[in-house]
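Hello,

Here is the structure I promised to pass on. Please open it first, then read my notes below.

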Amino acid sequence: AGDSWNFFTCTYNSLDTALKSAGVQNASVQPTCAVTTRLGIRAEEWLASSFHKATLAALMDKSVKVLYLSLGGNDLINAWNKNLSLEQEQQILEKIKSDLTQIIGIYQKARPDIKILLTCYDFPRFTPNHPIEAYRKAYENMGNPSPLEVNTAMIHFSQSMATLMDNKSVFYIQHNGFMQYYFGNSAENLAPYTTLKPELISS
């Protein structure tokens, strides 16, 4: 359930493919993920959405054991700017964390046995005149930050989200370095598979 990261995971059957590749038997993604994910949705608007209602309905199926949840990234992109003070940035992160705490609490109350896997992000490389309009506008609204500034904010966000996990019922996976590892960065002469694997980067 959640935003574009899980929308595309659902659309392209990414998790089912990964489970099959790993040899995991008797596990698959609930087909309802088409109505529990939405491009661009924010955590702050989630609970008033039909996608939240569809998620609650899907959780009533006792065969569902894990909720893979992706929320918060759009809140960050829409609120963060490179000119913010550290205190202002912290206020944004606390608001996102508060919204997610409420969302997670509702799902835990509905299904006390459910495992929740909260996923973080590895944002695209924002550049001037990006061919994707949404990325171009986001980049401009963030004050045209450098890759270092974007990644620093991303690290702070990831550190904040990681505090939501208890490794009992709520788990967290960070994706810092995911894109760089698998795709490299030709503009920086960085070949694929030359940086640390994402799972070796501590959350």
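Asn13 is partly exposed, because its relative accessible area is 43%. On this scale, buried means under 20% relative accessible area, exposed means over 50%, and partly exposed is in between, using a 1.4 Å probe and protein chains only. Before going on, note that this is a predicted model, in which local features need pLDDT of at least 70, side-chain atom pairs count only at pLDDT 80 or more, and totals for chains, interfaces and linings use all residues. Residues are numbered from 1 along each chain as its sequence is written, and side-chain values use heavy atoms, with hydrogens and water left out.

Back to Asn13. Asn13 sits in the loop between α1 and α2. Helices (H or I, at least four residues) and strands (E, at least two) are DSSP runs, numbered from the N terminus. The phi of Asn13 is positive, about 55°, although Asn13 is not a glycine. Most residues other than glycine have a negative phi.

Asn129 also deserves a look. Its phi is near 55°, again a positive value in a residue other than glycine. Asn129 lies in the loop between β2 and α7 (133–141). Asn129 counts as exposed because its relative accessibility is 67%.

**Helix α1**

Which residues of helix α1 are buried? Helix α1 covers residues 4–11, and its buried residues are Ser4, Asn6, Thr9 and Cys10. The cover over them includes α2 (14–21), β1 (66–69) and β2 (115–119).

**The core**

Now the interior. A nonpolar core is a set of buried Ala, Val, Leu, Ile, Met, Phe, Trp, Tyr and Cys residues joined through side-chain atoms within 4.5 Å. The largest one here has 38 residues. Those with the most contacts inside it are Trp46, Leu67, Leu69, Leu71, Leu100 and Phe157. Helix α6 (residues 86–110) gives the largest share of this core, seven residues. In soluble globular proteins, nonpolar side chains tend to be buried together.

Take Leu71. What is Leu71 in contact with, leaving aside neighbours within four places in sequence? Contact means heavy atoms within 4.5 Å. The partners of Leu71 are Gly2, Asp3, Ile41, Arg42, Ala43, Trp46, Leu100, Ile103 and Tyr121.

**Helix α6 and its partners**

Start with α4 and α6. Their axes are 10 Å apart, and they pack at an angle of about 30°. Axes are lines fitted to C-alpha atoms, for helices over the stretch in contact, and angles run from 0 to 180 degrees between N-to-C directions. The angle therefore makes α4 roughly parallel to α6. Angles under 35 degrees count as roughly parallel, over 145 as roughly antiparallel, 65 to 115 as roughly perpendicular and the rest as oblique. On the α4 side, the contact is made by His52, Thr55, Leu56 and Leu59. On the α6 side, it is made by Ile106, Tyr107 and Ala110.

Next, α6 and α8. Helix α8 spans residues 147–162, and the axes of α6 and α8 come within 10 Å and cross at roughly 40°. So α6 is oblique to α8. From α6, the contact uses Leu86, Glu89, Leu93, Ile96, Lys97 and Leu100. From α8, it uses Ala153, His156, Phe157, Ser160 and Met161.

- His52 lies in helix α4 (residues 50–59). Is His52 buried or exposed? His52 counts as buried, because its relative accessibility is 7%. A polar contact of 2.7 Å joins its side chain to that of Tyr107. A polar contact is a pair of N or O atoms within 3.5 Å; within protein, one must be able to donate a hydrogen and the other to accept it, and residues adjacent in sequence count only if both atoms are side-chain atoms. Not counting residues up to four places away in sequence, His52 touches Trp46, Leu47, Ile106 and Tyr107.
- Ile106 lies in helix α6. Ile106 is partly exposed, because its relative accessible area is 29%. Ile106 and Leu47 are 59 residues apart in sequence, and 9.5 Å apart in space, C-alpha to C-alpha. With residues up to four places away in sequence not counted, Ile106 touches Leu47, His52 and Leu56.
- Asp99 lies in helix α6 too. Asp99 counts as buried, because its relative accessibility is 11%. Leaving aside neighbours within four places in sequence, Asp99 is in contact with Ala43 and Glu44.

Best wishes
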